[in-house]
Amino acid sequence: MIVDYVASLGHFAFRRVPFSDPSGLLRLMDRVGIDKALVSSLEAVMFRNVQSGNEILSENLKGYRQRLIPAAVVNPVYPGSLEDLEYCVSSLDMKAVKLYPTHHDYSLADKDVHRILEGASERGVPVSIALRVEDERQRHPLTKLGEAWSGVLLTDHVAEAIKNHPNTTFALERFSWAEFNRVFDATQGCDNYLVEISGRFMHGSPHDHVRQLIEKIGATRVLFGTDIPLQYPEPALLKIETMEPPLAREERALIMGGNAVSLLHLSK
Amino acid sequence: MIIDAHAHLMEDTNTNEHFLRECKRLGIDMICGFGPPDSNEVTRAFMEKHPKSVIGFCSVIPDDEGRAVDEFASCVQDHGMRGLKLLLHRKATDPAVFRLAEKSVQLGVPILIHTFMRRGIMPERDARFPNESDATDIAELARNYPDAMIIMAHFSVGDWEYGIKAVKGFDNVYLDMSGTGVDLGSVEMAVKQVGGRRVVFGTDNLILAALGKLSGAMIDEETRELISSANMLRLLSRRGRL
């Protein structure tokens with residue numbers, strides 16, 4: 001089974017995104033053989049009250065929950081965020097939490113983030129840290145990346161969060177190879193994070209970052225992700241399918257879905 | 001057949017050999033390769049070693065004294081190169097680039113120009129690369145040299161909708177789909193706006209990103225073939241058969 005750990009639904013503020021409704025996303029998934037996807041709300045990236053985005057997502061996923069698994073976007077520094085997290089997990093049955101520190105302009109060192117990370121851990125859901133939505137080089141002039149944005153500072157804070165919350169399971173999302181390495185170097189001995197491969201600076205051949213990723217953290221901590229429908233799914237698939245020598249069957253099964261199934265407690 | 005219109009060659013031969021092997025393994029038949037600026041001996045040596053796979057592009061730093069024009073002419077006329085690659089030393093609107101464009105028309109070869117759809121949204125990048133060309137600079141060059149074959153590099157990096165629209169009206173500007181940008185819909189919009197005859201496949205050494213875009217784009221097969229190789233073959237053949 002192939003599980004895509006990085007997918008979105010909804011309207012994006014800055015460009016038209018095809019396949020951004022549930023049936024469209026399923027068509028795109030079918031095109032490339034993806035069985036299930038962890039999806040979050042694109043609206044929530046830009047809404048002031050991100051919880052509205054989560055609620056739209058939940059409503060739109062009625063009838064699609066077998067294949068589209070919702071993740072809750074949380075803005076830890078917005079009032080009521082812990083209650084929203086509780087509602088998303090307990091009442092809306094969302095399986096993961098996603099943080100956008102750059103877009104929501106907060107530091108991962110903030111005490112409110114601490115509460116959310118602990119809250120997610122207590123509820124048994126993993127926390128994705130999405131470093132970006134789009135490539136910063138194409139951002140809309142209205143969006144400022146905020147003081148939280150500084151590649152080095154941000155990855156330092158990611159590493160600190162991982163170290164300070166050993167009971168929380170993190171997924172590093174849309175990281176570049178360099179950003180992953182900074183976190184890796186600063187978190188020696190920590191195994192409470194996984195890394196997904198959709199990042200446009202996480203390359204396959206000829207750089208072979210996926211194999212290097214496996215060598216560094218092991219296949220049990222690598223997640224397949226495409227970032228559909230913002231990105232074409234094919235480049236991420238090719239990162240796996242064109243590996244030479246090919247991945248061992250067990251490693252491939254873990255990366256393409258097994259790890260996500262375990263992490264999200266999905267039925268196989 | 002697939003031709004990579006945008007392949008960097010490094011000083012390190014092993015890296016180039018590895019890249020070419022990977023291209024072949026993954027279905028890319030030929031590459032338009034260029035060394036670092038003013039290191040055209042790297043390109044010459046690689047062309048000689050792989051004459052059926054490597055199409056050499058001359059790489060120069062535009063100057064006011066004419067050395068770059070002379071080197072460009074020598075690379076094409078004496079060493080069989082079929083194009084020119086420009087980085088970000090001078091804007092596409094600089095008189096030194098205009099002289100190279102004029103020479104490219106005389107020689108009958110395309111110019112591949114590093115481009116970033118800047119729009120002033122990254123002042124730190126502007127400070128670092130003040131002479132980096134924007135799509136509007138490419139349009140200005142095209143307006144001045146309508147017979148030049150200008151390839152705007154990695155159109156899908158940065159604000160690609162802006163880049164496509166900036167050059168849409170210039171039939172002598174071609175869009176190279178190389179680079180890190182893999183936004184779904186980018187290739188389709190390029191084809192819709194400028195036509196399938198003005199989009200060319202390229203990797204910028206990111207093979208899978210490019211192949212993924214090529215296979216994933218919702219375009220007809222005839223257009224996919226134009227992008228894969230036919231368009232580049234047409235540009236490269238103005239000087240004669242490859």
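**Exercise 1. The sheet of chain A**

*Solution.* The structure is a predicted model.

Step 1. The order of the strands in chain A is E1-E2-E3-E4-E5-E6-E7-E8, an open sheet of eight strands with parallel pairing.

Step 2. Helix H3 (residues 50–60) of chain A lies across E1, E2 and strand E3 (68–73) of chain A, and runs at about 170 degrees to E3(A).

**Exercise 2. Two helices of chain A**

Describe how helix H4 and helix H6 of chain A pack, giving the angle and the distance between their axes.

*Solution.* Step 1. Two packed helices are described by the angle between their axes and the distance between the axes.

Step 1. For helix H4 (residues 81–90) and helix H6 (residues 111–123) of chain A, the angle is about 20 degrees and the axes are 10 Å apart. Because angles under 35 degrees count as roughly parallel, H4(A) is roughly parallel to H6(A). Their crossing is right-handed.

Step 2. On the side of H4(A), Ser81(A), Leu82(A), Leu85(A) and Val89(A) take part; they meet residues of H6(A) including Asp112(A), Arg115(A) and Ile116(A). By class, this contact of H4(A) with H6(A) has five nonpolar, two polar and three charged residues.

**Exercise 3. Two helices of chain B**

Carry out the corresponding analysis for helix H7 and helix H8 of chain B.

*Solution.* Step 1. The axes of helix H7 (residues 160–167) and helix H8 (residues 186–194) of chain B come within 10 Å and cross at roughly 15 degrees. H7(B) is therefore roughly parallel to H8(B). The crossing of H7(B) and H8(B) is right-handed.

Step 1. Trp160(B), Glu161(B), Ile164(B) and Lys165(B) of H7(B) make the contact with residues of H8(B), among them Met189(B) and Val194(B). By class, five nonpolar, two polar and two charged residues form the contact of H7(B) with H8(B).

**Exercise 4. The two chains together**

State how many residues of chain A are in contact with chain B, and give their classes.

*Solution.* Step 1. 25 residues of chain A are in contact with 26 residues of chain B.

Step 1. By class, the side of chain A that touches chain B has eleven nonpolar, six polar and eight charged residues.

Technical notes
Residues numbered from 1 in each chain as written. Chains lettered and ligands numbered in written order. Predicted model: local features only at pLDDT ≥ 70, side-chain atom pairs only at ≥ 80, totals over all residues. Axes fitted to C-alpha atoms, helices over the stretch in contact; angles between N-to-C directions. Helix = DSSP H or I, 4+ residues; strand = E, 2+ residues; numbered from the N terminus. Parallel < 35°, antiparallel > 145°, perpendicular 65-115°, else oblique. Left-handed = near helix turned anticlockwise from the far one by under 90°. Contact = placed C-beta atoms within 7 Å. Nonpolar A, V, L, I, M, F, W, Y, C, P; charged D, E, K, R; others polar. Pairing = 2+ DSSP bridges.
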